[in-house]
Amino acid sequence: MEEDADGLAAVLEVNTLPGLSEHGNLATMARAGGIPYPQLMQHVVRTAFTKAGYLP
C-alpha cells in the first residue's frame, strides 16, 4: 500500500460481504448442510428485506 504526501492511503475496495462467494465460508457451511449455492443465494435475497429496520 502506498501513501500520499499527507500519509493517507487510498482504499480501492472494501468487501462488505466476505465469505459470500461460492467458495466462501457461508457457502461451505451451507453445502455441508446440503444446501447448494444457488438455493443459498435465493434464501439470502428472499430474506434480505424482511426486517422492519437495521439490526446490527
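Trainee: Is Leu-26 buried, partly exposed or exposed?

Mentor: Leu-26 is partly exposed, with a relative accessible area of 34%; buried means under 20%, exposed over 50%, and partly exposed in between, using a 1.4 Å probe and protein chains only. Keep in mind that this is a predicted model, where local features need pLDDT of at least 70, side-chain atom pairs count only at pLDDT 80 or more, and totals for chains, interfaces and linings use all residues. Residues are numbered from 1 along each chain as its sequence is written, and side-chain values use heavy atoms, leaving out hydrogens and water.

Trainee: Thanks! Where is Leu-26 found?

Mentor: Leu-26 sits in helix α1, residues 25–32. Helices here are DSSP runs of H or I with at least four residues, and strands are E runs of at least two, numbered from the N terminus.

Trainee: How many helices and strands does the chain have?

Mentor: The chain has two helices and zero strands. Of its 56 residues, 9% count as buried.

Trainee: Changing topic: what about Arg-46, buried or exposed?

Mentor: Arg-46 counts as exposed, at 56% relative accessibility. Its place is in helix α2, residues 37–46.

Trainee: Which side chain does Arg-46 join in a polar contact?

Mentor: That is His-43, at 3.1 Å. A polar contact is a pair of N or O atoms within 3.5 Å; within protein, one must be able to donate a hydrogen and the other to accept it, and residues adjacent in sequence count only if both atoms are side-chain atoms.

Trainee: And Glu-3, where is that?

Mentor: Glu-3 lies in the segment before α1, and Glu-3 is exposed, with a relative accessible area of 57%.
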